[in-house]
Amino acid sequence: MSADKTETALPRRPARRAKLPAARPLPPSLAGDSSLPYPAISRELAELRHQIPGVHGCVLGGVDGLLITHNLQNEVDPDDLAALTATTFGLGRQVGMRLGQGEFQQSTVRNQEGYLSVYAVSEQALLAVVGTDAVNVARLHLHAPAVASRLAVLLNRVPTDA
């Protein structure tokens, strides 16, 4: 069989050289930092889980994908969720940069049987909240940013070696 020589080539979009900001180095990881105020962090995570019906639990993870702490109440692996949280952050950050919309704040993924919402806590940390399909997402979006702000204050009290 011979190819039809009357086919026309599909038009191609010309290559563009987008001016993206320079990549920022990752801040030092908080994973395994024994100086973190874990009892206060745990209270914040528990408060969010108890305030919003349908929340299975929370993960506090680093932007590097490493687990800091969690209070998950189901079989989800917290280390895997910390990595997925960082991936969600990375995608959201790229979207924000590409569209010129600023820094990452929050992203929600809805699945058939539940939600994952990821919130920026600081340059080093992210808050992930896992909920059922029945969770009140609007209520979650009202409460979680305040929890993320309080977590940021707790994490900023920690001396970091740069």
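**Exercise 1.** State which strands helix α3 (residues 137-156) lies across, and how its direction relates to that of β4.

*Solution.* Helix α3 lies across β1, β3, β4 and β5, and it runs at about 35 degrees to β4. Here helices (H or I, at least four residues) and strands (E, at least two) are DSSP runs numbered from the N terminus, while angles run from 0 to 180 degrees between N-to-C directions, the axes being lines fitted to C-alpha atoms, for helices over the stretch in contact. Contact means heavy atoms within 4.5 Å.

The model is predicted, so that local features need pLDDT of at least 70, side-chain atom pairs count only at pLDDT 80 or more, and totals for chains, interfaces and linings use all residues. Residues are numbered from 1 along each chain as its sequence is written, and side-chain values use heavy atoms, with hydrogens and water left out.

**Exercise 2.** Work out the order of the strands in the sheet and find its edges.

*Solution.* The 5 strands form an open, antiparallel sheet in the order β2-β1-β5-β4-β3, where two strands pair if DSSP finds at least two bridges between them. The edge strands are β2 (67-70) and β3, each of which pairs on one side only. From one strand to the next, the twist averages 15 degrees.

**Exercise 3.** Describe how β3 and β4 are joined and paired.

*Solution.* A hairpin through 2 residues joins β3 to β4, and these strands, residues 106-111 and 114-120, pair in the antiparallel sense over 6 bridges. Asn-111 has Gly-114 in β4 as its bridge partner, whereas Val-109 stands opposite Leu-116 in β4.
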